[in-house]
Structure formats: structure tokens, C-alpha cells
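The following paragraphs go through a sheet and then a contact between domains. Please keep the sequence and the model in view while reading.

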Amino acid sequence: MATAGKVIKCKAAVAWEFNQPLVIEEVEVAPPQEKEIRIKIVAAGVCQSDLYFLLKCMNKAMFPAVLGHEAAGIVESVGPGVTEFQPGDKVIPLFMPQCRECRFCKSPKTNLCVNGSAGKVDEKSFEASRISCKGRKLLQFLGTSTFSEYTVVKEIAVAKIDAAAPLDKVCLIGCGICTGYGAAVNAAKVEAGSTCAVFGLGAVGLAAVMGCKAAGAQRIIAVDINPEKFEKAKVFGATDVVNPKDHSEPVHEVIAGMTNGGVDFSLECVGNVEVMRSALESSMEAWGVSVIVGWTDMYDIAIRPRHLICGRTWKGTVFGGFKAKDGVAAMTNAYLEKKVKLDEFITHNMPLEQINDAIELMKNSKCIRAVVEVSPP
């Protein structure tokens with residue numbers, strides 16, 4: 001392309017400060033360096049993780065930054081040494097890399113990668129950034145920064161996808177859908193004929209419901225304090241719905257009463273430590289498996305030893321246990337083959353200029369997923 005090897009000036013939504021609206025700015029995106037890829041971002045989903053770092057966690061060291069990590073786009077150019085991609089490829093950037101060479105990538109026990117350090121923020125994080133504005137380097141959030149028309153990502157943190165994939169739909173595979181769906185099929189390993197409970201019916205929770213159904217669960221109880229989400233949960237496979245506010249007793253007691261002692265599998269998709277405990281206690285004491293899916297790093301969690309001693313398993317998962325490059329490509333193909341849903345998650349489409357509106361919708365639980373058109377395909 002004509003822009004290869006040159007600095008690109010484009011639009012991006014910049015988070016200058018903690019808990020402040022994003023600002024649409026002209027930024028400069030440097031050419032990709034060794035083993036890097038510059039991507040034209042076409043569409044990006046707004047995820048609760050973006051809101052967590054912008055509005056909740058108070059890590060002011062990460063600003064200024066360009067947020068966004070759930071997206072899809074087209075390769076604009078590649079740096080020296082890149083062999084897996086070429087300009088024009090449709091891709092999904094990954095906040096979790098897969099180098100395929102380290103001991104983690106070679107192990108079937110984890111989807112982490114030794115070379116993954118996207119969540120770490122220090123001076124080197126800013127130095128490594130390829131995005132600048134007004135003479136300042138901007139942090140590339142989780143190594144991606146997809147609220148920018150162009151971004152530069154490491155080759156190990158990009159998945160090539162089918163050329164037929166609609167980018168404004170498959171962008172959701174970059175985080176929320178894989179996280180929830182994989183939590184059910186990879187982490188919990190939901191079994192056919194089992195009972196499940198999913199706590200939290202945002203995109204991740206609904207994807208977990210979809211995963212439970214795909215795994216053959218006989219009964220799927222969807223739990224949320226917002227009853228407006230219940231009909232959507234049924235679309236994805238929920239058989240029962242529970243609003244904790246409708247009951248005087250704790251929700252785990254409600255679920256125990258519905259299931260003769262608790263569900264086989266429970267998944268917490270909120271990122272709330274109290275809900276994590278409720279999900280654990282909702283699982284069958286003798287063999288229940290409970291998975292922490294929602295992200296938070298702000299509070300400790302406390303349980304009684306007896307909650308585990310009798311046989312429960314409590315575990316966590318990130319990105320649904322998918323090895324990123326492989327999982328994203330497979331999930332994209334599954335969507336094209338109509339084996340998983342994506343369109344049904346999208347409740348709003350809007351241009352990059354309305355990114356703050358999308359954030360408000362998510363903040364106030366007025367959407368499942370808002371997809372932002374970052375730049376035209």
C-alpha cells in the first residue's frame with residue numbers, strides 16, 4: 001500500500017485521564033518494526049474491560065492511552081521478519097498472544113503465553129508504543145489499542161481469519177464471545193445433560209449461556225438483576241431465569257432449591273467478588289465446578305474452607321481458555337458455519353465519534369454490545 005513504511009495520521013479516541021470522556025484526536029501511527037503488523041481497524045466492540053480501566057481501577061499510570069481490545073481489521077503493512085501475514089489479510093488483534101514456541105504455548109494445560117505482557121504498564125510500555133499524539137506517546141492498551149483507525153500489533157498477537165468474515169460482526173470474537181463461550185466449553189467443560197447457572201448476562205455471560213447449550217447442558221439458569229436481559233438469555237439457550245432481587249433468601253439457596261442441591265457447573269461473568277462467592281455456593285457441594293470469568297483486581301475474596309472440602313472445584317479462566325490464534329480462527333469459522341451466534345449480541349452500531357455514547361450505554365447496562373465503526377472497510 002502507498003502508506004507502507006510511512007507514518008500514518010488518523011483519528012483515535014484518546015483517554016487522556018482516568019474517569020474522563022475520551023477525546024477524538026489526530027494521532028500518528030508509526031510503521032511496524034521487526035515482527036510487527038500495522039492494522040487498519042474497521043470495527044471494535046466496547047467491552048466492560050475498557051470501562052474497568054477507564055472508570056474503576058484508578059491506575060493513573062496507564063494514561064494517556066488509546067483503549068479498545070476487541071476488534072477486527074485489515075493488514076495495512078508488515079514489518080521485517082513477518083511471515084504469517086501480508087497486506088490485505090483480514091485479522092483480529094489479540095490481547096493475549098500465542099507465540100506457539102514457549103513452554104506455555106506448547107502445553108495443553110494453559111492458554112497463556114510466556115511472551116504475553118500486555119497487562120503490564122511501566123515506562124517501557126509507553127516507549128514501545130507506536131501511537132503518538134501532540135508529541136506524547138500513548139499507551140497501547142493491552143498491546144492493541146483498537147479505538148484508533150490504525151494500530152500496530154506484534155505478529156504473535158494477531159489472528160488471521162477467513163476472508164469471507166464480516167468484520168463488523170467477528171470483531172466480538174476478539175474478547176467477549178471467546179471469553180464466555182470458552183469458559184463453558186474449555187474451562188468448566190460442561191457436560192451433556194448437566195445443569196448450569198450463569199451469573200451476569202452481558203455479552204460474556206450470554207456467550208457462556210451459548211457455550212453451555214452447545215455443550216449439551218439440559219438446564220441453564222440465567223441470573224441477573226436486570227430482568228430486561230432475560231428474553232435475550234433465552235435466545236442463547238437459557239431454560240430458567242432468576243432475579244436475585246425477587247427473593248428474600250440468598251440466590252445460592254434459590255438455585256439449590258431449584259436443582260436439588262445445586263448446579264453441576266456455575267460461571268461468574270460479572271467481575272464482582274460477592275457474585276463469585278454466590279456462584280461457587282450455587283454449585284453442587286459434592287462435585288460442582290465453578291468458574292470465575294469476570295475480571296477484577298480491586299478486592300480480595302473470602303470463603304469458608306467447607307465450601308471446597310466436600311468436593312467443589314473453583315477455578316478461573318482468561319479468554320475462555322482459548323489459545324488465541326487458534327481459537328479466534330476456529331470461532332470465526334464456527335460463526336460462518338452458523339454454529340455460534342454473533343449478530344444477536346449487537347444492540348448498537350455507531351461511528352467512532354460517538355464512542356462516549358457507547359461507553360455510557362455499557363456503563364448503564366443499556367446495551368449488550370455496541371460496535372463502533374472505527375474506519376470504513
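In β2, Val29 is the bridge partner of Ile8. The model is predicted, so local features need pLDDT of at least 70 and side-chain atom pairs count only at pLDDT 80 or more, while totals for chains, interfaces and linings use all residues. Residues are numbered from 1 along each chain as its sequence is written, and side-chain values use heavy atoms, with hydrogens and water left out.

Strands β1 (residues 8-15) and β2 (residues 23-29) run antiparallel and are joined by 7 bridges. Strands are DSSP runs of E with at least two residues, and helices are runs of H or I with at least four, numbered from the N terminus; two strands pair if DSSP finds at least two bridges between them. An open sheet of 6 strands has the order β8-β7-β2-β1-β4-β9, with mixed pairing. Its edge strands, β8 (136-137) and β9 (139-140), each pair on one side only.

The protein chain is divided into domain 1 (180-320) and domain 2 (342-376), with bounds from an automatic or database domain assignment. The contact (heavy atoms within 4.5 Å) takes 11 residues from domain 1 and 5 residues from domain 2.

Between them, domain 1 and domain 2 bury about 690 Å², 71% of it on carbon and sulfur atoms. Buried area is the accessible area (1.4 Å probe) that two parts lose on being put together, summed over both. Ala203, Lys232 and Phe236 supply 53% of the area that domain 1 buries against domain 2, more than any other three residues. On the side of domain 1 that touches domain 2, α5 (203-214) and α6 (230-236) each supply at least two residues. The largest share of that side, 4 residues, comes from α5.
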